[in-house]
Amino acid sequence: MAARRGPKHDRQAANPRGRAGAPLRRWPGATAALLATLLAPLSSSAQPGPQPAPEQPVPAPSTPAEAAPAPARAQSMEVPVSEAVRQEALMHFEKGFALLNEGAWSPGLSELLLSRKLFPTRIATYNAAVALRKLQRYDEALDMFETYLRDFPVSGEEREEALRQIAELRTLVGTIELVGAETGAVISVDGQDRGQYPPIRPLRVPAGNHMLRVFKEGYDPFVIRVDVAGGQTKNVQVTLRRLARYGSLRVIESSGKPVSVSIDGIVVGKAPWTGILSVGDHEVTLRGEGKVGTQPASASVKSQSVTTLSLLAEELDAVLHVEPVPIGASVWINSVKVGDGVWIGRLKQGTHRVEVRANGYLADAQSVTLSKGGRQKLRVSLERDEDAEVWSKPPKLTLDATASFLIAPTFGGDLASGCGEACESSIGLGALGMIHGGYEFGSGFGVGLEVGGIFAVQSLENRTASVVPVGVPPVPSAGTANDALRLGGFLVGATAGYHVGERFPALFRIGAGALLGEVRDERAGTFELSRKSEPVEGEQAQTTFDAAPQVDFPWAAYIYLDPEVRFGLRLSERFELSAGVKLLLLLALRKPTWDGTRAIPAGIDGVATYPAESVMGDFALMVAPGASLRYTF
């Protein structure tokens with residue numbers, strides 16, 4: 001008991017800062033003791049001491065201890081293992097442990113997994129779980145920690161630590177739930193064989209993006225990228241469609257070695273293998289024990305014919321890890337497409353050509369030289385091809401409604417010209433409403449039609465004016481007049497614009513068309529009499545008269561231009577809200593003009609008429625700030 005507790009104490013002394021950051025030390029001791037503890041995987045009475053946290057691997061205990069016999073149930077399940085196999089398992093464990101101490105997590109894990117395959121032990125299992133977590137293979141680490149608790153007796157403290165790790169890993173691992181696949185279909189996740197449908201165990205994957213493939217002979221492969229969050233179960237509806245055009249592929253290993261056959265990243269069986277595949281090129285690899293296998297090869301399947309591919313399996317003593325950016329880019333090794341996304345595989349030592357391609361990006365080809373026993377990671381980031389069609393947005397129909405507040409400095413015309421120093425003129429105020437319908441190209445340029453309505457009012461008081469008496473010598477009578485103007489009308493025209501931006505879009509647009517409407521002019525005034533009235537006793541003679549209010553409705557026709565700029569916020573895929581300003585420039589086709597034949601009472605002068613004056617000018621400028629709601633079909 002004391003012998004098992006001692007190593008933890010030694011480790012902490014070497015690492016006073018705690019669990020992380022300090023180098024590990026091999027524990028001194030006899031090889032016989034090392035074997036006694038290491039090679040007792042299912043001991044129930046031995047009380048293993050506390051183990052380091054997963055940030056560091058657990059070294060093999062070497063203080064003398066006698067392993068208790070395994071329980072009867074476990075003993076009956078145990079396959080007899082020779083002393084030579086135990087020694088080989090120990091050798092791989094020690095090699096793996098040394099590599100973990102150096103931070104070589106991947107090769108160290110390989111040695112531990114081989115040790116476990118030869119003879120599974122408690123400490124090798126725990127250290128393998130630690131290495132898997134370090135390598136961010138969280139789903140496999142979770143499985144290994146669960147195996148550690150399920151298959152080996154552990155102390156209370158060890159169990160507590162393992163349960164803590166399991167709880168943390170479950171937040172980093174999601175599950176893919178397949179629905180609707182054909183029975184017996186082969187499942188592959190990120191190029192790793194995950195058994196057949198329906199899966200016996202949950203398809204656990206680290207949180208993130210994964211390439212899922214489901215394959216069954218005689219059907220088109222089902223391929224999809226799946227985003228899985230930690231702790232989430234992602235349901236995937238699998239639809240396998242029977243092949244419309246197909247041929248047969250026969251794959252043999254020329255030397256007769258026992259190898260498995262992988263087609264397009266999915267293990268389909270043992271060599272020799274014959275199966276039905278879709279017409280076209282397929283990637284084929286063979287994998288045997290250890291490092292035995294073949295580099296990726298291409299096989300072209302032709303309709304209604306048999307294609308034979310003979311490959312020679314050999315030692316592949318190097319590993320290449322290709323990580324493309326974007327993640328879904330296709331990877332080609334020595335001109336053979338090996339899949340989409342991250343690729344990890346064995347190759348021969350020497351120089352290899354790696355090419356990465358993706359729609360909308362410029363392809364990138366690199367040469368990489370692999371050394372014997374080496375493992376190299378290659379990250380290839382593609383440059384976006386701005387001229388690629390994929391980046392062109394699809395054309396769409398748009399409809400937006402705009403409500404604006406209208407400001408007109410002046411309506412212009414003869415009335416504004418007669419507004420002198422004593423005259424008071426208000427700013428024209430009103431409202432403008434427009435509806436725009438358009439067709440927007442993928443580039444953002446768009447054309448369309450617009451219709452709308454306009455309303456604006458303005459008043460002038462004490463402007464210089466005159467009337468002309470009827471039936472007397474036509475001498476104008478001077479005076480002042482008050483006018484209350486009200487413009488109302490409809491606009492219709494065509495537009496062209498440019499729409500840019502996603503989250504915060506901007507719109508630059510100009511329209512041109514016609515404004516048809518009328519200007520209501522309610523007018524009253526005070527004017528001099530052309531004839532003098534006879535004086536009444538005690539009163540002065542009347543020299544002026546008040547013109548009663550009169551209303552005229554001259555109609556107006558203008559050509560307009562309405563440049564505008566808007567900045568918005570995208571509310572959803574369909575809706576966009578924006579605010580901006582529009583300028584409304586009016587050019588007269590027909591100026592609204594007061595009817596010069598309309599008679600008004602003029603006191604003792606009888607009746608009189610106002611001259612035919614324009615109530616709006618040849619040109620008018622109005623400013624319309626407002627808000628718009630846009631809908632995209």
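**Exercise 1. Contacts of L169**

Which residues does L169 touch, not counting residues up to four places away in sequence?

*Solution.* Work on the predicted model. Start at L169 and skip residues up to four places away in sequence. The contacts left are R133, Y138, A141, L142 and F145.

**Exercise 2. The nonpolar cores**

Find the residues that touch the most other members of the largest nonpolar core. Then find the elements that give two or more residues to this core.

*Solution.* Step one: the largest nonpolar core has 26 residues. F93, F145, Y148, L149 and L169 touch the most other members. Step two: the elements giving two or more residues are α4 (83-101), α5 (105-118), α6 (122-134), α7 (138-151) and α8 (156-170). The most comes from α6, with eight residues. Step three: look for a second core. A separate one has 24 residues, including L432, A456, L491 and V519.

**Exercise 3. Two crossing helices**

Describe how α4 and α6 cross, and name the residues that meet.

*Solution.* Two packed helices are described by the angle and the distance between their axes. Here the axes of α4 and α6 come within 11 Å and cross at roughly 35°. The crossing is left-handed. From α4, F93, F97 and L100 meet I123, A124, N127 and A131 of α6. Sort the residues of this contact: six are nonpolar, one is polar and none is charged.

Conventions: Residues numbered from 1 in each chain as written. Predicted model: local features only at pLDDT ≥ 70, side-chain atom pairs only at ≥ 80, totals over all residues. Heavy atoms only, no water. Core = buried A, V, L, I, M, F, W, Y, C linked by side-chain atoms within 4.5 Å. Buried < 20%, exposed > 50% of the residue type's maximum accessible area, 1.4 Å probe, protein only. Helix = DSSP H or I, 4+ residues; strand = E, 2+ residues; numbered from the N terminus. Contact = heavy atoms within 4.5 Å. Axes fitted to C-alpha atoms, helices over the stretch in contact; angles between N-to-C directions. Left-handed = near helix turned anticlockwise from the far one by under 90°. Nonpolar A, V, L, I, M, F, W, Y, C, P; charged D, E, K, R; others polar.
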